[in-house]
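Dear colleague,

I am handing over the structure shown below, and I would be glad if you kept it open while you read the notes that follow it.

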Amino acid sequence: MYTLDKSDVEKIAFLARLGIDEQDIPEYATNLTNILDMVEQLNSVDTDDVKPMAHPLDGVQRLRPDEVTETNDRENLMAHAPETEAGLFLVPRVVE
Amino acid sequence: MHNKTIAELISGLEAGEFSSVELTQSYLDRISSLDQHLNSFITVTSERALEQAQQADAQRAAGQAGLLNGIPLAQKDIFCTKDVKTSCGSRMLDPFISPYNATVIEKFNASGAVMLGKTNMDEFAMGSSNETSWYCPVKNPWALKAVPGGSSGGSAAAVAARLAPAATGTDTGGSIRQPASFCGVTGLKPTYGRVSRYGMIAFASSLDQAGPMTRTAEDAALLLNVMAGLDLRDSTSVDKDVPDYTGSLNNELDGLKIGLPKEYFSEGLDDAVAKVIEDAIKEYEKMGAVVSEISLPNSKLAVPTYYIIAPSECSSNLSRMDGVRFGHRCENPRDLNDLYIRSRGEGFGPEVKRRILVGTYALSEGFYDAYYVKAQKTRRLISNDFNNAFENVDVIMGPAAPSPAFNIGELMDDPITMYLSDIYTIAVNLAGLPGMSIPAGFVNNRPVGLQLIGRHFDEAKLLNIAHKFQKVTDWHTQGPGQFV
């Protein structure tokens with residue numbers, strides 16, 4: 001059984017861009033280890049010849065003509081953004 | 001008035017016994033006086049409800065009544081509702097006022113239904129007890145110290161307590177059926193793709209499905225008539241005719257072949273719950289059904305398969321909550337990463353974080369095949385079990401949950417035991433099948449639900465099977481003492 005440690009959790013949390021309080025890391029490490037341990041059961045089953053199932057009805061992506069169907073609704077859609085200016089979403093400076 | 005079913009309310013409105021405004025006001029009054037005990041609503045939309053009711057009354061007067069004209073409904077707070085807060089039970093979306101309606105909401109609006117408000121739920125539908133909601137837990141109207149189940153716990157509690165004649169729920173791993181079982185209401189999870197997911201905030205896109213939560217199977221049929229159907233705005237919505245689900249409710253069950261999976265009656269099942277389910281099956285035998293034992297040999301793989309697939313899809317879906325375009329944003333971000341990390345860290349609660357972490361890990365470089373692809377393969381084995389079983393039986397029955405409602409706080413420190421409360425419902429989502437929970441009795445005064453599982457698109461048959469049970473039993477008419 002693989003045990004996740006503090007640095008694993010920190011690494012995963014960064015990949016997910018997810019802030020986690022320092023004091024909660026050990027508990028997440030335990031939770032995650034336990035969940036992965038439960039999932040370990042799957043390895044007891046031979047699935048070499050099984051096709052992965054991505055869609056419960058084995059459906060395929062429906063295609064449609066490439067037509068404009070939505071009207072531009074920028075003001076309405078941006079009305080609840082945390083910060084905007086001149087039709088743009090504002091974020092901290094990215095490029096120095 | 002509040003003990004009437006939707007079918008009875010429709011007759012009452014048609015006969016002019018009361019108006020939609022009167023009906024709506026009576027439910028709003030009940031919510032305002034009783035929901036303080038339950039916390040089943042996050043938002044009550046009183047003004048809007050009365051406007052919709054007035055409009056419905058006018059439409060009826062003009063002879064233009066839709067299928068659910070004037071009927072008040074509660075909507076799970078996972079459905080986007082234009083100009084109304086749509087929180088999904090999360091601090092992350094506490095500031096989110098949706099700029100558009102989910103297709104389900106549009107369909108209810110077109111049918112003349114009235115929205116009473118938005119119901120409480122586990123955060124982003126991740127939970128089995130409603131305790132992960134940012135808006136505090138919902139209480140079970142049958143026992144206020146018990147959970148209502150989850151994630152559609154607010155909807156289940158509101159319907160059980162007669163604060164709404166019906167509500168919507170969504171079900172990714174049991175989130176309609178398990179709370180329906182815990183609160184003693186009728187809940188239907190349709191076949192994957194039967195109801196549009198457009199505007200229904202995504203948790204695990206290959207599993208999510210919306211359905212009705214009502215007091216009777218007949219009412220569930222009335223709601224599904226409005227909810228079901230192809231929607232070009234949801235690419236997984238299925239192009240298949242929608243029957244009139246009320247049309248076959250009274251079909252005879254003589255010769256119906258019922259399969260009981262032995263795996264659903266083995267260790268982990270509360271003995272008293274097993275007894276309730278066995279008694280319910282006997283009612284079907286009296287109606288001429290033939291019962292046989294079946295096997296779903298890969299049942300034990302359902303929970304581990306689900307806890308790879310659902311968190312993986314959730315970690316992807318929830319990446320849109322980044323503090324940039326909508327939702328919660330942290331104060332004074334230093335740089336872009338700090339903005340993402342702190343906004344998400346503050347916006348999401350512990351269970352959502354746990355699942356994002358599991359999903360991120362399972363999808364990360366080097367682990368994808370070992371976890372996600374492996375789980376997709378075991379998913380097919382689970383689905384094949386059902387296909388094999390349905391060669392010999394028409395419907396599968398068993399418990400909806402291994403126990404009646406547990407107490408608030410009882411499982412919160414133990415995520416895996418909490419996950420196991422969905423042990424009988426999860427496989428149905430993995431296989432994309434329709435499933436129902438209907439009230440079948442009580443254990444220690446807490447309701448127990450019988451689960452019905454059908455073939456793909458067999459909703460009409462499930463509703464028929466459920467309705468016939470409700471014609472010969474009265475579990476579904478019983479309500480929690482303080483609220484009836």
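**Salt bridges and the contact between the chains**

The side chains of Arg380(B) and Asp58(A) are joined by a salt bridge, with 3.1 Å from N to O; the term stands for a side-chain nitrogen of Lys or Arg within 4 Å of a carboxyl oxygen of Asp or Glu. This pair crosses between chains, running from helix α12 (residues 368-389) of chain B, where Arg380(B) sits, to the loop between α2 and α3 of chain A, where Asp58(A) sits. Helices here are DSSP runs of H or I with at least four residues, strands are runs of E with at least two, and both are numbered from the N terminus. Arg380(B) is buried, with a relative accessible area of 13%, whereas Asp58(A) counts as partly exposed at 42% (buried is under 20% relative accessible area, exposed is over 50%, and partly exposed lies in between, with a 1.4 Å probe and protein chains only).

Before going further, please note that this is a predicted model, in which local features need pLDDT of at least 70 and side-chain atom pairs count only at pLDDT 80 or more, while totals for chains, interfaces and linings use all residues. Residues are numbered from 1 along each chain as its sequence is written, chains are lettered from A and ligands numbered from 1 in the order in which they are written, and side-chain values use heavy atoms, with hydrogens and water left out.

Between chain A and chain B there are three salt bridges, and one of them links the side chains of Glu70(A) and Arg233(B) at 3.7 Å, N to O. The contact, meaning heavy atoms within 4.5 Å, draws 48 residues from chain A and 67 residues from chain B. Together the two chains bury about 5100 Å², 67% of it on carbon and sulfur atoms, where buried area is the accessible area (1.4 Å probe) that two parts lose on being put together, summed over both. Of the area that chain A buries against chain B, 14% comes from Leu42(A), Met53(A) and Arg62(A), which is more than any other three residues supply.

Over all chains, the count comes to 20 salt bridges. Within chain B, Asp171(B) forms one with Arg177(B), the closest N and O atoms being 2.8 Å apart; Asp171(B) is buried at 0% relative accessibility, and Arg177(B) is likewise buried, with a relative accessible area of 0%. Another joins the side chains of Asp338(B) and Arg342(B) at 2.9 Å, N to O, and both residues lie in helix α10 (residues 336-347) of chain B, four residues apart, or about one turn of the helix. Asp338(B) is buried at 7%, while Arg342(B) is partly exposed at 27%. Salt bridges with shared partners connect Arg334(B), Asp338(B), Arg342(B) and Glu346(B) into one network.

**Chain A on its own**

Chain A has three helices and two strands, which follow the pattern α-α-α-β-β along the sequence. Its radius of gyration is 22 Å, whereas a compact globule of 96 residues would have one near 12 Å (the radius is taken over C-alpha atoms, and the globule rule is 2.2 Å times the number of residues to the power 0.38). Along the principal axes, the C-alpha atoms of chain A fill a box of roughly 55 × 45 × 25 Å, and buried residues make up 30% of the 96 residues in this chain.
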